[in-house]
Amino acid sequence: MLSNPEMSRLSQEADEWAMDRQRAGDQLAVPEIADYEIRRELLRAGKELSITRLDELCAGLEYLPLTTEVMHDAASLWADARNAGRPTAHPHALDGDVILAAQARSAQIELARGPVVVATTNVAHLARYTDARLWTDI
């Protein structure tokens, strides 16, 4: 929503929310897996303005890169979900949800500045592994 240059009502609300969170002292970050998932679709659709806006967003906020440790944790989360009979994606899918959850867990340990909350529209899958809330509820 934040990378949409058309500023729909929802995009405007997301922009206002992000500014309000920053004014409140919250630190916003872009996880690399979220950048990837958004960027790939913007590239496929040829949405150059949205890509530029996404680049600006990534440059203006903390960027959480993928690391070997994050990917190892994500693999463990994926396996645990499968073994428990509660997968979050198709067996052959990359499963960005567990990667995002692993990035949030890693940030919680590395940042040690307070709780890490994933602002999302997909609370159900993410909340299994990390503090995830509907962005409008944060």
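Which residues of helix 1 are buried? I looked them up: S11, A14, D15, W17, A18 and R21. I took buried as under 20% relative accessible area, exposed as over 50% and partly exposed as in between, with a 1.4 Å probe and protein chains only.

I noted the ground rules. This is a predicted model, where local features need pLDDT of at least 70, side-chain atom pairs count only at pLDDT 80 or more, and totals for chains, interfaces and linings use all residues. Residues are numbered from 1 along each chain as its sequence is written, and side-chain values use heavy atoms, without hydrogens and water.

I went back to helix 1. The face turned away carries exposed R9 and R23. Helix 3 (48-60) and strand 3 (118-120) are among what covers the buried residues. Helices (H or I, at least four residues) and strands (E, at least two) are DSSP runs, numbered from the N terminus. Just after helix 1, G25 has a positive phi of about 95°.

Next I checked the largest nonpolar core, which has 18 residues. Such a core is a set of buried Ala, Val, Leu, Ile, Met, Phe, Trp, Tyr and Cys residues joined through side-chain atoms within 4.5 Å. L77, V118, L126 and Y129 touch the most other members. Helix 5 supplies the largest share, seven residues.

I then followed L126. Beyond its neighbours within four places in sequence, L126 is in contact (heavy atoms within 4.5 Å) with D97, L100, A101, V118, T120 and A132. A second, separate core has 12 residues, including I51, L54, C58 and L61.
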